[in-house]
Each structure stands twice: as structure tokens, then as C-alpha cells.
Amino acid sequence: MSSTTGLTDAIKVGVVMGSSSDWDVMRHAADILTEFGVPFEAQVVSAHRMPDDMFRYAEAAVDRGLVAIIAGAGGAAHLPGMLAAKTTVPVLGVPVPSRHLQGVDSLHSIVQMPKGIPVATFAIGTAGAGNAALFAVAMLANGDATLRAKLDAFRARQTEVARAMTHDLTLDAKA
């Protein structure tokens with residue numbers, strides 16, 4: 001699996017995963033990046049089945065202009081940490097739920113990086129993938145006023161949705 005946004009701008013974020021089965025979770029990162037117009041690529045880079053490809057990906061990240069790598073992995077979840085060991089581009093780790101341990105194993109693997117090789121670790125599953133993408137957007141927005149305005153508007157919409165929840169509760173109580 002290798003895809004890009006189709007935008008003409010240089011790719012800023014890599015969305016990588018250990019297996020195509022992780023796409024159900026990682027597509028939530030891709031959806032957020034698309035919503036904000038952030039150029040990204042999505043591909044499988046397995047730490048265990050294609051380590052040489054994974055190392056090449058990490059080692060080329062800086063020269064390719066990547067600002068962040070969102071790495072989703074399940075089970076042993078070595079991908080985010082191994083990428084971080086081979087690049088200075090920030091790696092945002094997303095634990096993908098596993099069949100037997102529901103992603104807790106992945107969370108522990110990703111969050112327990114040794115001092116000196118950081119991986120920003122997000123929640124298990126789709127919330128983590130979405131938040132990792134929003135984090136990448138926020139990083140990019142520091143140097144892009146247009147993107148900052150889009151992020152501010154997104155957050156304002158979230159606030160309005162939350163406020164409407166109270167209104168919906170009062171309507172339910174009157175019914």
C-alpha cells in the first residue's frame with residue numbers, strides 16, 4: 001500500500017503502519033490530514049517483515065522534508081520506536097488494537113521508549129490516530145497562519161458541538 005494525497009505540495013507527514021490490516025485505524029489520521037489539506041503519504045512499512053525498507057524510510061525522512069511520521073502498529077508494535085531510532089523527525093505513535101489484548105500490548109510497547117529516543121504516544125485506536133494527525137497539524141500550524149486559522153476553526157466547531165450536547169439533554173428531559 002502506497003498512496004499520497006494527490007496534492008501538488010511536498011509531502012509533510014508520513015502515515016505508516018505495520019500491516020494493511022492497520023488501515024482501518026490509521027485512515028482516521030489520513031482523514032484529518034485530508035480535511036486540513038496537509039500533504040501526506042500512507043504506506044505499509046513493517047518493522048518485522050521489511051526492516052531494511054523501514055530503515056530507509058526513516059533515514060530519508062529529513063531529506064524528504066517530512067515534518068512528522070504517524071506510525072501505527074499493533075502487537076509488539078516496534079515500528080514507531082524503530083523509526084524514531086533512525087530519524088530526528090518526530091514520530092507520533094498510534095497503538096493499534098490487537099485481537100487478544102485490545103491494544104494494551106501495543107500501547108505499552110510504544111510508550112515505554114528508553115530515554116533519548118522519544119516517541120509521542122497517543123490513545124489506542126481511532127482516537128489516537130485522529131489525535132496524532134491533529135498534533136501533526138498543530139506542529140505545522142506553528143509556521144503557517146492559514147493552517148492555524150483552520151485549526152482554530154476546527155476547535156471552535158468542536159466547542160459548539162459540545163455545547164449543543166447540553167441543549168440536547170434539556171430537550172430530552174422535557175420530552
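The lining of the largest pocket splits into 8 nonpolar, 10 polar and 3 charged residues (Ala, Val, Leu, Ile, Met, Phe, Trp, Tyr, Cys and Pro count as nonpolar, Asp, Glu, Lys and Arg as charged, and the others, Gly among them, as polar). This is a predicted model, where local features need pLDDT of at least 70 and side-chain atom pairs pLDDT 80 or more, while totals for chains, interfaces and linings use all residues. Numbering runs from 1 along each chain as its sequence is written, and side-chain values use heavy atoms, with hydrogens and water left out.

**Largest pocket**
- It holds about 270 Å³ of space (a pocket is an open set of points on a 1 Å grid where a 1.4 Å probe fits, with protein on both sides within 12 Å along at least five of seven lines; lining residues have an atom within 4 Å of a point).
- Of its 21 lining residues, Gly18, Ser19, Asp22, Ala73 and Gly74 sit closest to the centre.

**Second largest pocket**
- This one has about 200 Å³ of space.
- Among its lining residues are Asp9, Lys12, Phe36, Pro39 and Asp144.
- Helix α6 (residues 145-174) gives the most to this lining, with 3 residues.
- By class, the lining has 5 nonpolar, 2 polar and 4 charged residues.

**Helix α3**
- In α3 (residues 79-86), Leu79, Pro80, Gly81, Leu83 and Ala84 are buried (under 20% relative accessible area, 1.4 Å probe, protein chains only).
- Those buried residues pack against β2 (13-17), α2 (51-60), β4, β5 (91-95) and α4 (104-111) (contact means heavy atoms within 4.5 Å).

How values were computed:
Grid points are joined across faces, edges and corners, and a volume is the space filled by probe spheres set on the points. Helices (H or I, at least four residues) and strands (E, at least two) are DSSP runs, numbered from the N terminus. Buried means under 20% relative accessible area, exposed over 50%, partly exposed in between (1.4 Å probe, protein chains only).
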